[in-house]
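Please look over the chain shown below before reading on. The notes that follow take up its strands, its nonpolar cores and one of its helices in turn.

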Amino acid sequence: MATKEHPHNYWNKERCREELLKHTRKLEAKHKSPGAYNSAYTHGWLDEIAPHLQSKTYWNREKCFEKVRKMGYKNKKEFREDAPGCYGFAAKHGFLDELCHGMEVLGNYDLRKIYVFEFEDGYAYVGLTYKPSRRQWQHLNEKDSPVFKHTKDKSSSFVFKVLSDWLHQKEAQEFEDKMINEYTCKGWKMLNTKRGGALGSAREWLYDLEELLEEGLKYKTRTEYRKGSPAKYAFAYEHGLLDIVCAHMPKKSHPSPIWNKKRLQEVVNECNNSRKILKEKYPGAYEAISRKKLIEFYFGKKRISGKKRSLDEAIHKCLNYHSTSELIKADKTLYEYIMHKKWQDECFKHMKRPKDKRIAESFTWEDILAKINLCTKMQELREKYTSEYRAALRNPEWREKLYQMLPIRNRMTLDEVRQICLQYHTPTELKKANLHIYNYVMRMHWQDKCFCHMELSHVYRPPFTWEEILDKIKRCSRLKDFTENYPGEYRGALRRIEWKRKLYQILPSNKKSSNNQ
């Protein structure tokens, strides 16, 4: 949706208040009036000037009670796992206990009940658990249980009883010991193999929800909660209770700023054109500048460290090295200084050339032609005479002659490719319909011959001549005007070092002109 552009600092407090009064919900204001909403949020005015804006919530009191009545949850755990949104809304607004009235209370690491298995043949087993129904099923199905072994061997019937209400740890341990002694005194033969009072391994119920909520109220943010009470924070996170425990804590959801050229220039000026300050104060802006490759545009060229040297000194130093790789390892600052001053031809002329350039310079067309005459296929030339093959590819004229003399397997002629290209109006249309032919044209450098009838777009643009670029330069008084009005010619000038030097001589950059003044 297109939004109306306003000048900088247009959205002050009064204008934001007037604009936000048109909406009733935060989401609606955020989409329909993003400028006013983001400005109010960033400056901290939102709650003050627009208290009428409501957050979108599905749950209310009536819907929560209807959900519980419809589903018939047996306990809080089942309710929390099936409907966490409803559970969290009830906990946040203080009617969770009323909503869960009548549900089965589950034990935890602190609360236990005492139970007993009484068999007809005079045997008994006493234990404690935080969930009696689950413990009964375990005893009847797990092979290591003494109850399972007794029922399998004796085949006697039994009665399962719960002997107490919820008891705390110490009380439960003492009561279990007491019941074992009572059953022993009454003549029952006990199946317990261990001493009574063991709490077992109910680590998943280490903390109550009430205990977690009480601990969470001590902190204002989740970060503080995580650092101040890491064990309880991890427990709440693992069991899906974190949103409930941290419901009173504000969520950080800052609107991401749009880093356009105008906004970037403002923050760069605010940081006194310092890259270090910008990186610390506005990391998002620095990342946008780096991503768009505008470092040189905003900060100028990178300064080369090290002392200043003359050309003669640099040449004398470079005579000690045989290649640029050796120079980089020994004295990287000198190499960077030479590249910055563009003294490569003078300083590196005695050094070994890179491998590809040496190959291209060590052969003539007659040498390559002699090897081509010995082969019948392109693959044969590539395998037997690799150096000559690579040298031919580096020269456009030689490459074209090579493809004419030694056809590639399944190679199409220029006329065949041109007939296919005549069916399309733009290179983009050809690329979408027939990617193979498009790539083939680009690989063979036949753009001028195959795309001459098309409406050229940004996908393929023929190179500019210096006369065309110079004509545009004369119409501008500053480099900034040239880059904004003629971006294609500007990029074309930057592709060649000679044109780039002439461009900066005719139109000096803003930084250079300010220094001269």
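Why is strand β2 (residues 123–129) largely enclosed by the rest of the structure? Six of its seven residues are buried, so the strand is largely enclosed, where buried means under 20% relative accessible area, with exposed over 50% and partly exposed in between, for a 1.4 Å probe and protein chains only. This is a predicted model, in which local features need pLDDT of at least 70 and side-chain atom pairs count only at pLDDT 80 or more, while totals for chains, interfaces and linings use all residues. Residues are numbered from 1 along each chain as its sequence is written, and side-chain values use heavy atoms, with hydrogens and water left out.

**Overall chain**
- The chain contains 37 helices and four strands, taken as DSSP runs (H or I of at least four residues for helices, E of at least two for strands) and numbered from the N terminus.
- Of the 517 residues, 34% count as buried.
- Among contacts (heavy atoms within 4.5 Å) between residues at least 6 apart in sequence, 60% join residues at least 24 apart.

**Strands around β2**
- Strand β1 (residues 113–119) pairs with β2 in the antiparallel sense over six bridges, pairing being assigned if DSSP finds at least two bridges between two strands.
- K113 has T129 in β2 as its bridge partner.
- Three residues lie between β1 and β2 in the hairpin that they form, and G122 in the turn has a positive phi of about 95°.
- β2 also pairs with strand β4 (residues 189–190), in the parallel sense and over two bridges, with Y123 standing opposite K189 in β4.

**Nonpolar cores**
- The largest nonpolar core has 29 residues, and V417 and C421 have the most contacts inside it; such a core is a set of buried Ala, Val, Leu, Ile, Met, Phe, Trp, Tyr and Cys residues joined through side-chain atoms within 4.5 Å.
- Among the elements that give two or more residues to this core are α25 (365–372), α29 (414–421) and α31 (435–444), and the largest share, five residues, comes from α31.
- Leaving aside neighbours within four places in sequence, C421 is in contact with residues including L430, I437, V441 and F451.
- A second, separate core of 28 residues includes Y207, L209, I244 and V245.

**Helix α7**
- In helix α7 (residues 84–92), the buried residues are C86, Y87, G88, F89 and A90, and what covers them includes α5 (61–71), α6 (76–82), α8 (96–99), α12 (209–216) and α15 (242–245).
- G94, with a positive phi near 80°, follows α7.
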